[in-house]
Amino acid sequence: AAPDGIAYCAAIDACHVGTQWDKAVRLLQVMRAEGIRPDDATMISVIMACRECEQQELASELQAELEQMRSRAETELTAQAEVVEVV
């Protein structure tokens, strides 16, 4: 069976612990290519791996992306709540 988001998160976290930022970033790319959306925990593990390995620019880019993901999710939840109120 193909890995799911939980398996990717665990593998990325292991890369973070092992200070292998490049592998963490590659796993993030692969999971996205397979259509799996990273959750907060996954993104934070990649960001921390980058920061701890002095990849500050990449960490900042990923942090901005995480904030955009959170903002989109909040907007979607608000829209869903408004639909529920109308019904």
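Apart from neighbours within four places in sequence, S45 is in contact (heavy atoms within 4.5 Å) with I12, D13 and H16. The structure is a predicted model, in which local features need pLDDT of at least 70 and side-chain atom pairs count only at pLDDT 80 or more, while totals for chains, interfaces and linings use all residues. Residues are numbered from 1 along each chain as its sequence is written, and side-chain values use heavy atoms, with hydrogens and water left out.

S45 is part of helix α3; helices are DSSP runs of H or I with at least four residues, numbered from the N terminus. The relative accessible area of S45 is 7%, so S45 is buried. Buried denotes a relative accessible area under 20%, exposed over 50%, and partly exposed the range in between, computed with a 1.4 Å probe on protein chains only. Other residues of α3 are buried as well, including T42, M43, V46, I47, A49 and C50. The 13 residues of α3 should span 18 Å at 1.5 Å a residue, and the end C-alpha atoms are 18 Å apart, which agrees. The expected span is 1.5 Å times one less than the number of residues in the helix.

Helix α1 covers residues 5-17, and its 13 residues should likewise span 18 Å, in agreement with the 18 Å between its end C-alpha atoms. The buried residues in α1 are Y8, C9, I12, C15 and H16. They lie on the same side of α1 because they cover an arc of only 120 degrees around the axis, the arc being that of the directions from the helix axis to the C-beta atoms. An α-helix has 3.6 residues a turn, so residues three or four places apart point the same way. The exposed residues I6 and V17 are carried on the face of α1 turned away from its buried side. Among the elements that cover the buried residues of α1 are α2 and α3 (40-52).

Helix α2 (residues 21-33) contains R32. R32 has 33% relative accessibility and therefore counts as partly exposed. Its contacts, leaving aside neighbours within four places in sequence, are P38, M43 and E65. Between the C-alpha atoms of R32 and Q63, which are 31 residues apart along the chain, the separation is 16 Å.

R32 also lines the largest pocket, together with R37, P38, D39, D40, E65, M69, R70, R72, A73 and E76. A pocket is an open set of points on a 1 Å grid over the protein atoms alone, where a 1.4 Å probe fits, with protein on both sides within 12 Å along at least five of seven lines; lining residues have an atom within 4 Å of a point. The volume of the largest pocket is about 190 Å³, taken as the space filled by probe spheres set on the points. Helix α4 (residues 56-86) gives the most to this lining, with six residues. The lining has eight charged, three nonpolar and no polar residues.

Most residues other than glycine have a negative phi. T19, which is not a glycine, has a positive phi of about 50 degrees. T19 is in the loop between α1 and α2 and is partly exposed, with a relative accessible area of 45%. Just after α3, E54 takes a positive phi of about 65 degrees. E54 is in the loop between α3 and α4 and counts as exposed at 63% relative accessibility.

Definitions and conventions: Helices (H or I, at least four residues) and strands (E, at least two) are DSSP runs, numbered from the N terminus. Ala, Val, Leu, Ile, Met, Phe, Trp, Tyr, Cys and Pro count as nonpolar, Asp, Glu, Lys and Arg as charged, and the others, Gly among them, as polar.
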